[in-house]
Amino acid sequence: MAHYRHFYGKRKNHADLFRISSAVPETPSSDKTVCHYLLSAPFVSLGGLSPSEKEIAKISGPMKRRFFRNQAGPTNRCQFPFTSSCDLLGISQSDKVKQDGLHNSLLKIMTVDSSVPLGEEFGSWKTGAELLDESSAQSFANMCPQIKPRPRIFSHQRLPNQMLFSYTQKITEGMEPDVTLDCLGFEWELHRMYLFKSHILSQLLAEATQHSLSPSTGSILKSKKAETRCYKCCLLAGRKQDEFCQQKEKLPKVTIALEISDQDVTRFAFAVALKNMYNSEPEVNEEDVLGILAAAEVLQFPSLFQKCIQVMKRSICPTNVCSYYIAGCKYKQPSLITLCERWTEVNLVPQLGSQICLRNLPLELLQKVLKSPRLFTINEFYLLRTALYWVFLQQNPKIQIIPFYDTILRYFSSLPRTWAFLERKEGQQYMAIFQSLRLHGITSSKHLEELWKINFFPLPWLTRILSDHYHALENGGDMAFQADFNTQAVRFGFLLKEEPRYHAEIISIYGFFFELKAIKHDASAYSFYMKRVRHADPIISYFTADRSPVSLQKEREVKYEIKAQCQIDGKWEEFTTERVTQSFGVKKPSSKSQILKARIPSVPIYVTFLLLFPPS
């Protein structure tokens, strides 16, 4: 304590400190003020103020600058924006990084933004020891230069026409271009002998050549045409003639222009299309196939166009099926349209219905798929839920993430209840979609309550559904108002994604319980059938038995059909039992349906059971 007094006395005699110390107010005697100072002390300390700066407003002299820390890294560390002698954590981390430098494995990483390893791009960097010797007082943030992101399409920031020029020079072994194509804001350097694959470029070249040549050079033009035809044969045969290239008399350079109004034709896709004129066989990447297809159509490049169609046919998935279908309609490709429709029929519910790309599904395609007899669904409620998702995404186009189903219900429930959504002006256009659904197949009480609460369907629709269920339950399950099996049979199904030896599910309809089964016998042999089970059977869960009605009838006549769909060698195949009418009992052998046997080499397999209870 004596040492402290001596040290304080020396500082107090200093002239510079006298002005600041005199500005510090005396401690107030009031108890409230004392409590205020005690409570505010932690906040003043965290603010980076020294004890002599507590009363900032009353200090007239110069003050110390505040030391605020910045968040650094995902661990919520804090560090000063400058190098401070008291920032021990920051100094330790900075020294460690400077000594280690960049790890060897890090230098070999090729990222999306950088197409070359870091070790090659920054080979001239100094080691960590050299950096430590040069500037040990600098912070780590100022040590490393910032790496500028690079374009993803082309490495080394090269333009599409430059990339094409480098490729053509390699193919032609340095032959000088004799055609300049002005298109899409670029000048593309080409060789006239390769333009014969494009009908539109050949026509533009012929017109430009006729205007540039005089009548006296007509004989030269004819000879050049003969030479071009000769070289075409060489290219089609897949070989070159070096003597022909050396002896070829040089024609004057020609400039042609092509205007493209199609927004699908990008510069990159156009460069790929021009590149394929120099190849014996077209090469198309799946990621850019739509742009290349549009470029091939503009250039009238038949072989490249057909190659794009082939790539699209074998690469249909949820993210591109809608764009492929629109492209097929745009360019009038019935085979591509059929494949997109066929894929959507079996994958609308299991794949497309749970992804945000469902919003891109055209209205006419959805209507056509819902009316298809090959449509696959888990049950009728799943199909209704998919349709509600699609309508919600059409009404909210800015949503980027597929919401939960409860969010869909809350959205439609929040609308004014004066009119049902399908009766509103914005909902009348979707009326045909929900008329194609088999709403009478939704028998769960929970799902029926949801349909009533969301105020989506007109009241006569809901009344008809409930009245049909009431009559069916009163008459032992007879579906008197559903006579057309093709359009009114209730659908149940399951999807075999893996290769299980056995699969079974329990369904209930109007008090009757059925077990749907799939059995795998060997590498490719499957059996599919259904069997009626008693309501007290142990395989029926307590929840199903408690929430479902129970019928005590010993016999129940059922019309049914079992289908199995799969893709074999790129073609969709369908196996079916055809329509069967059978009386199901609770004991063997009447409890078991006909067995659908099929040889299916690979999964997935889409299995559908269609049921209808005719009047007995």
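**Close-up 1. Asn161, a buried residue of helix α8 in a predicted model.** Asn161 is buried because its relative accessible area is 16%, where buried means under 20%, exposed over 50% and partly exposed in between, with a 1.4 Å probe and protein chains only. The residue belongs to helix α8, residues 160–171; helices (H or I, at least four residues) and strands (E, at least two) are DSSP runs, numbered from the N terminus. Apart from its neighbours within four places in sequence, Asn161 is in contact with Phe186, Glu187 and Trp188, contact meaning heavy atoms within 4.5 Å. The C-alpha atoms of Asn161 and Glu189 are separated by 7.7 Å, although these residues are 28 residues apart along the chain.

Residues are numbered from 1 along each chain as its sequence is written, and side-chain values use heavy atoms, with hydrogens and water left out. As this is a predicted model, local features need pLDDT of at least 70 and side-chain atom pairs count only at pLDDT 80 or more, whereas totals for chains, interfaces and linings use all residues.

**Close-up 2. The crossing of helices α12 and α13.** The axes of α12 (residues 267–276) and α13 (residues 289–299) come within 8 Å and cross at roughly 60°, which makes α12 oblique to α13. The contact is made by Ala269, Phe270, Val272, Ala273 and Leu274 of α12, together with Gly291, Ile292, Ala295 and Leu299 of α13. By class, this contact of α12 with α13 has eight nonpolar residues, one polar residue and no charged residues. Axes are lines fitted to C-alpha atoms, for helices over the stretch in contact, and angles run from 0 to 180 degrees between N-to-C directions; angles under 35 degrees count as roughly parallel, over 145 as roughly antiparallel, 65 to 115 as roughly perpendicular and the rest as oblique.

**Close-up 3. An open sheet of four strands.** The strands follow the order β7-β8-β9-β13, with antiparallel pairing; two strands pair if DSSP finds at least two bridges between them. Since β7 (502–509) and β13 (596–599) stand at the edges with a single partner strand each, one side of each is left without a neighbour in the sheet. Eight bridges join β7 to the antiparallel strand β8, residues 512–520, and Glu505 has Leu516 of β8 as its bridge partner.

**Close-up 4. Strand β6 beside strand β14.** Six of the seven residues of β6 (residues 490–496) are buried, so this strand is largely enclosed by the rest of the structure. Seven bridges join β6 to β14 (residues 605–612), and the two strands run antiparallel, with Gly493 standing opposite Thr608 in β14.

Methods: Ala, Val, Leu, Ile, Met, Phe, Trp, Tyr, Cys and Pro count as nonpolar, Asp, Glu, Lys and Arg as charged, and the others, Gly among them, as polar.
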